[in-house]
Amino acid sequence: MFSNKIQTGLTKQLNKESESSQLYLSMASWTERKGFEGICEFLYDHSNEERIHMLKLIRYISKRGGFIILDNICINKITYGSLRELFQILFEHEKKISNEINILVELCLQEKDYFTYNFLQWYVEEQVEEETLIKTILNKIELIEEDKGGLYLFDKDIKNFHKKK
Ligand code: OFO
């Protein structure tokens, strides 16, 4: 079993992953409405990945005798000015998640909880990949800007974007 501080930190993180999943989902829906077939598939798939991140935390907490509290998550933003704005928000979001993982890892060291510290290393690596992936997409979109032909090709091309693992 872990300390109350670790329980609180892990609970917060699993709800952040749930929030990420919902955020990607709402963005996927917006891009689908706008006719971006490839980008919406990418975002729907990524929403599933975020759910897996949440599930991984839930399973770990349960295995270690902790308990699960699921927050009511509400994503209020349902429309975006542009794809560029959407991916800029995503990039900021992933940086925020990375920061929260770092804080949690630091807490594990303070609490001398090396089991949880070890468990969280997967998330540390994952965040490096997530930030890189979203930034790469953002860079491409900034390059294309309003070029409709470029956007059309990028929408087809996005299925080739994967995390480099
Ligand atoms: Fe769970 O990695 Fe993105 O948010």
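**Charged side chains in a predicted helical model**

Glutamate 85 counts as partly exposed, at 29% relative accessibility, where buried means under 20% relative accessible area, exposed over 50% and partly exposed in between (1.4 Å probe, protein chains only). This is a predicted model, in which local features need pLDDT of at least 70 and side-chain atom pairs count only at pLDDT 80 or more, while totals for chains, interfaces and linings use all residues. Residues are numbered from 1 along each chain as its sequence is written, and side-chain values use heavy atoms, with hydrogens and water left out.

Glutamate 85 forms a salt bridge with lysine 77, the closest N and O atoms being 3.4 Å apart; a salt bridge here is a side-chain nitrogen of Lys or Arg within 4 Å of a carboxyl oxygen of Asp or Glu. Lysine 77 is likewise partly exposed, at 35% relative accessibility. Elsewhere, salt bridges that share partners join Arg84, Glu142 and Glu145 into one network.

A search of the whole structure finds six salt bridges. One of them pairs glutamate 111 with lysine 5, with 3.9 Å between the closest N and O atoms, and this pair links distant parts of the chain, since glutamate 111 is in helix H3 and lysine 5 in helix H1, 106 residues apart. Helices are DSSP runs (H or I, at least four residues), numbered from the N terminus. Glutamate 19 is partly exposed at 22%, whereas lysine 16 is buried at 18%.

Aspartate 113, found in the loop between helix H3 (83–111) and helix H4 (114–144), is buried yet has no salt bridge, and the nearest side chain of opposite charge, arginine 64, is 4.6 Å away. A polar atom of the aspartate 113 side chain does lie 3.4 Å from the backbone nitrogen of phenylalanine 115.

On the surface, Glu32, Glu37, Glu41 and Asp45 gather in a patch of negative charge, a patch being made of residues with over 30% relative accessible area and no salt bridge, in which like charges are joined within 9 Å and nonpolar side chains (Val, Leu, Ile, Met, Phe, Trp, Tyr) within 5 Å. Helix H2 (residues 37–63) gives the most to this patch, with three residues, while glutamate 32 lies in helix H1 (residues 4–33) and is partly exposed, with a relative accessible area of 45%.

Key:
Areas by Shrake-Rupley, 256 points an atom, 1.4 Å probe, with all protein chains shown as cover. Lys, Arg positive; Asp, Glu negative; His and termini not counted. Charge placed at Lys NZ, Arg CZ, Asp CG, Glu CD. Helix = DSSP H or I, 4+ residues; strand = E, 2+ residues; numbered from the N terminus. Polar contact = N/O pair within 3.5 Å; in protein donor to acceptor, adjacent residues only side chain to side chain.
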